[in-house]
Amino acid sequence: MKGIYLAGNFHKTEKAIKTISPSNGEIIDEVSLAGEGEIERALGAAWEGIGKEIPRRLFFRLREVLSRRAEEVAQLIAMEQGKPVTEALAAEIYPSLSYIAFLEEKGEEFIRDKDMPPEEPMFSGRRGRLIMEPTGITLVISPWNYPFAIPFLDIVASIFASSPVLFRPSSMTPLVGLKIAELFQEAGFPPFSLQVLITTHGDAERILREPRVSTVKFTGSFEVGRKIGAIAGEELKKATLELGGKDAMVVFEDANLERAVNGALWAGFMNAGQTCASVERLIIHHEIASSFLETLKEKVDKLRVGDPLEDGVDMGPMVSENQREKVLSMLKGGEVIAGGKPIEGKGFFMQPTLVYEPPEDSPVWQEEVFGPVISIKTFKTEEEALHLANNNKYGLTASVWTKDRERARRISEKLEAGVVTVNDHLSSYAEPSAPWGGVKGSGLGRSHGSFALQGVLQPKYIMEDFSRRKKLLWWFPYGEKNIRIMLLASRMLYGKGKLKALMELFPYLGRLLKEVGLSSLVSSLGRLIGL
Ligand code: NAD
C-alpha cells in the first residue's frame with residue numbers, strides 16, 4: 001500500500017482505495033485515503049510556507065530528477081492510466097520539463113515587484129508599486145487523463161509563486177499523483193511546499209471551503225467544474241477552471257492532404273481520444289471529403305491497439321469500463337464508417353471509430369465523447385464551416401488546415417476557442433509560454449506560461465506620498481471653489497476647451513500649488529500640450 005504525502009513524508013492511513021490497470025482490469029496497488037486528521041495536518045503544513053520563496057536551484061534539481069526518472073514515470077503512467085509510453089514521454093514528461101525551464105528563465109520577471117509611476121497628473125511625484133503576493137494555499141484538483149502533466153504544471157507554477165499546494169489527484173490515477181510527490185521529495189523541496197492527499201469528493205469540497213485555501217486550480221469535466229466554480233464563488237476564492245472540449249478541426253480544399261489526415265489521426269486517437277483537446281469534430285470541405293476519408297479510414301484500420309507498455313502500440317485502453325460504456329452508448333446518429341465496437345478480452349480496449357455525417361443536434365456531434373471517436377461533417381462555404389465549428393457549448397481549442405495564410409488568419413480569429421492552431425492540433429500544450437484554457441463551457445482563466453502565475457497571485461498596489469502637503473485638494477472641507485476647480489481641471493485635462501479652462505484656473509493657482517503641488521501642475525501642463 002502506498003501512503004499519502006504529508007509534510008515531506010509518506011503516511012499510511014487506515015482506509016484505502018484500489019487502483020486498477022485499464023489494460024487488464026487487475027488491481028495494481030492500494031493507496032491510503034486521507035481522513036480529517038491528515039487533512040488538517042496537510043493544511044497546517046502548507047500554511048507554514050505561504051510567501052516563503054523556494055530557492056530557485058530546487059527547480060533545477062526537480063528538472064534533473066524528472067529527466068533522470070522519466071522512463072520509470074512514463075511506465076507508471078502507461079500502467080495506471082493507459083497511454084503508450086511514447087505518449088507519456090512526449091505529452092506529459094517533456095512539457096513538464098520544458099515548463100520548469102521556462103519558469104527558471106522567465107518566471108521571476110512576472111512575479112517580481114514593479115515600479116508603476118502614476119499616470120494621473122494629480123498624483124505626480126508619488127511612487128506607485130505593484131507587488132504580486134500569494135494569499136493562501138492552492139488546491140489542485142486534477143483529472144485522470146493527463147495524471148502527470150496537468151497537476152505538475154499547476155503545482156510547479158504555484159510553488160514558484162510561493163503559494164504551497166495541496167494536491168488531490170484523481171482517484172483513478174493516485175499512484176501517478178504520489179509519484180509527483182516522490183520527485184519533489186527527492187529534489188529536496190521543503191515539507192510545506194506540497195501535500196498530496198487522496199480524499200473523497202466531499203472532503204475535497206470541504207478543503208476548498210477552508211479559509212486557508214485561497215485558490216483552486218481545477219481541471220475536469222464541465223459538470224464538476226461548475227460545482228467547483230460555484231463553491232469558489234460562494235467562498236470568494238480565485239478559481240481556474242480547465243474544463244471539457246469538443247474540438248473542431250476545419251480542413252479546407254487547399255490543405256496539405258496527407259498532413260491533415262495524419263494530423264486528424266493523431267489528434268483524434270492519441271490517448272485513446274481521452275484528451276480535452278482531442279479532435280472530436282472533423283469539418284472537411286466537400287470537394288476533398290471522399291479522398292480524405294478513404295485515406296483516414298485506411299490509417300485508422302491500421303492503428304495498433306494494445307498494451308501501452310509494449311513497443312509498437314499506438315493506442316492503449318480506455319481508462320475504465322464505465323468510460324468505455326459511456327463512449328459506446330454515444331455512437332448514435334450518423335454512419336459508423338470505422339470501428340465502433342469494444343475489443344473483446346481483458347482490459348477496456350475499444351476500436352478507433354469514425355462517425356460520418358451525424359445530425360448537427362446529435363449527442364455525438366454536440367457532447368464531449370472523450371473516447372477514440374471522430375465525428376465528421378462536410379461544408380461548402382467558410383460561413384458554413386464556421387457555423388459548424390462554433391455551434392457548440394465548448395470552446396477549448398480548434399484548428400484550421402489550409403495553405404492560404406490570409407484564410408488561416410481570418411478563420412482563426414473567428415473560431416470560438418481559447419487556443420487555435422494552424423495546420424496542427426493540440427501541440428501548443430507543449431509550448432510553455434502559451435496560455436492554455438477555453439471559452440464558453442470549456443472554462444475560465446488560463447494555465448501555463450505567466451498566466452499560471454497570475455492565477456495564484458493577488459496584485460497588491462502600494463502608493464506612497466512623502467510630500468509635505470498638509471491637505472489635498474479633494475479632501476474636506478467641500479465648497480463651491482472645489483466644485484469649480486474640479487470642473488475646470490476635468491475640462492482642461494480630459495475635455496474640450498482646454499486652454500480656456502487653463503486660463504480660468506489661474507485664480508486658483510495658489511491653492512493648487514498648496515494642495516496638489518508643483519509637479520502635478522507641471523505634469524498637467526505636459527498632458528495639456530500633449531507631452
Ligand atoms: P471529473 O470532472 O469527473 O473529475 C475531475 C477531478 O475532480 C477528479 O479528480 C475527480 O475525482 C474530482 N471530483 C469529482 N467530483 C468532485 C467534487 N464534487 N468535488 C471535488 N472534486 C471532485 O473529470 P475526469 O473524468 O477526471 O476528467 C475528464 C474531464 O476533464 C473531461 O471533461 C476533459 O475534457 C476534462 N479535461 C480538461 C482539460 C483542460 O485543460 N481543459 C484537461 C484535461 C481534462
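Modeller: Helices (H or I, at least four residues) and strands (E, at least two) here are DSSP runs, numbered from the N terminus. This is a predicted model: local features need pLDDT of at least 70, side-chain atom pairs count only at pLDDT 80 or more, and totals for chains, interfaces and linings use all residues. Residues are numbered from 1 along each chain as its sequence is written, and side-chain values use heavy atoms, with hydrogens and water left out.

Biologist: Where is Pro477, then?

Modeller: Pro477 lies in the loop between strand S22 (457–464) and helix H16 (480–494).

Biologist: What kind of peptide bond joins Phe476 and Pro477?

Modeller: A cis one, with omega about 0°. Most peptide bonds are trans.

Biologist: Switching topic. How many residues are in the largest nonpolar core?

Modeller: It has 79. Such a core is a set of buried Ala, Val, Leu, Ile, Met, Phe, Trp, Tyr and Cys residues joined through side-chain atoms within 4.5 Å. Buried means under 20% relative accessible area, with a 1.4 Å probe and protein chains only. Phe148, Phe152 and Phe184 have the most contacts inside this core.

Biologist: Which helix gives the largest share of this core?

Modeller: Helix H4 (residues 85–111), with nine residues. A second, separate core has 38 residues, among them Met249 and Val419.

Biologist: Back to loops. What is the phi of Asn271?

Modeller: About 55°, positive although Asn271 is not a glycine. Asn271 sits between helix H9 (257–269) and strand S13 (279–285).

Biologist: Is Asn271 buried or exposed?

Modeller: Buried, at 2% relative accessible area.

Methods. Buried means under 20% relative accessible area, exposed over 50%, partly exposed in between (1.4 Å probe, protein chains only).
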